[in-house]
Amino acid sequence: MLQHATRIAAGLTAVGIAAVALTACSTDTADEGSPGEKVTITVAGYPPSDKPDSRKIWDDRIKLFESEHPDITIEPSETTWDPTTFSALVAGGTLPIQMNVPYTNIRQLAANGLAYDISSLVEGDKTLAELNPDVQAQAKTGDKTYGIVSAAYTLGLVYNRALYEKAGLDPDTPPKTWDEVAANAEAITKATGQTGFSLATTQNSGGWLLTGMSYGFGSLIQNEKGDEAKVDSKGPQAALQFLHDVRWNDDAAGSNFLMTQDDMRSAVAAGQVGQTVLGADVYNDLVGNRGMKGADLGITGLPQSEAGLGTLGGGTIQIVSPKATKAQAEAAVEWIKFTYLRSYTDKDFAVKTAKARSEEGQPVGAPMLPVFNQEQYDTYLGWISDYVDVDQKQFAPYFDSLSRLKIVPEPLTAAQETYALLDSAVQKVLTEKGTDIPSTLKQANAASQALIDQAQ
């Protein structure tokens, strides 16, 4: 999701290195570089001047990289992902050679010639061969690779273990079904007076989370080809009915139904919300940034109905500008591996990074969807074991869900625009008693189809 990838988590890699988140264009104008030639590349994500500590980390990384790659010069750029300006940056030749984009947009960028086909550059690479195939598949279209996944997450049920205990619920056995979520929500509200279950509903979050819940209830909101809206299918209807019942029948949804995702995270951290759906990579933010006690945070897989499809996956993909020369593209791939993946493959680098996070008072070993295969990720955790301060057993339900639940991608076409219109549907159900859910979704489906047709 756009907000998740660029607003909430901007500037942080999965391993904690601080401060690093359409018109068609042709790629056939790029020059063919020769091996070993000196090359300069611009790389996105450089922290602004008002964050000198983060800049120093970046500067140190650049010096180390250039010392190991004397033929490559790195020029950092503060450019960040913005879908409204991306095409213009490409057309004007001002897009950094290396850039990060959300999962949501990679296929459209590839289809429009706005990302370099790096297939030949990653083929046979030993490091990239160890990436989690389910995760790296998000950066591919057909048999072509257009990026490297640097951070990944799945939607999950985020819950407050302390509120569970106050309500007489076992925090070590969180719900796997939506019926259990509803029952727990009612119990939490009755026992504690806090919100039993709530969702962020604004700034595209309502539509994004409704999409994920729809997967859990058994339906996509758009067909796999991305040319037909499915917003009025059984899954979205069941998801909205669930929200209706928790709100109007159980009175367990609180009283604020216009929350941003930032608002929701703060409410969860403050112990005001017992259960919500969020990206499951929230530990660092809730505990490291918002002061929640680590022992109070629970995360498990996205609940499922009997027809559940799995959980929505998302994250960040590092791409190369379609204007890059071959030599620049090769250098960019090396930079991506160094900056975003090295902690998983270099023990000394991993230990130094974990030590730095620990000294900054940031959590080490937070639950996440590994971008590497499980064996390599376990090896990585072993390397940094002296600094891991997150109880891995506490999040066993989430780790178990990674083997149980299929990762389902976000909609292919006009995803953000569809999320925006679905915000209204979610808000309507929560604020207007007796909302006609089928009629509401039928109207939303027509609007979603129009967005798809316009984008084709």
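Ala-414 is buried, with a relative accessible area of 7%. In this predicted model, its phi is positive, near 50°, although the residue is not a glycine. Most residues other than glycine have a negative phi. Ala-414 is placed in the loop between strand S10 (407–408) and helix H17 (415–431).

Asp-251 also has a positive phi, of about 50°, and is not a glycine. Its setting is the loop between helix H10 (234–249) and helix H11 (261–269). Asp-251 is exposed, because its relative accessible area of 52% is over the 50% cut-off.

Aromatic contacts were examined next. The count comes to 19 aromatic pairs. In one of them, the ring centres of Phe-217 and Phe-242 lie 6.3 Å apart. Their planes meet at 50°, so the pair is tilted. This pair links distant parts of the chain, with Phe-217 in helix H9 (residues 205–217) and Phe-242 in helix H10, 25 residues apart. Phe-217 and Phe-242 are both buried.

Phe-338 and Phe-349 form a tilted aromatic pair, with 5.8 Å from centre to centre and 55° between the planes. Phe-338 lies in helix H13 (residues 326–345) and Phe-349 in helix H14 (residues 347–359), so the pair ties together parts 11 residues apart in sequence. Phe-338 and Phe-349 are both buried. Phe-338 and Phe-349 belong to one aromatic cluster with Tyr-46, Trp-58, Phe-65 and Trp-335.

A charge also meets a ring. The charged end of Arg-247 sits over the ring of Trp-248, 3.8 Å from the ring centre.

Methods:
Residues numbered from 1 in each chain as written. Predicted model: local features only at pLDDT ≥ 70, side-chain atom pairs only at ≥ 80, totals over all residues. Heavy atoms only, no water. Helix = DSSP H or I, 4+ residues; strand = E, 2+ residues; numbered from the N terminus. Buried < 20%, exposed > 50% of the residue type's maximum accessible area, 1.4 Å probe, protein only. Phe/Tyr/Trp six-rings, centres within 6.5 Å; stacked < 30°, edge-to-face > 60°. Lys NZ or Arg CZ within 6 Å of the ring centre and 35° of its normal.
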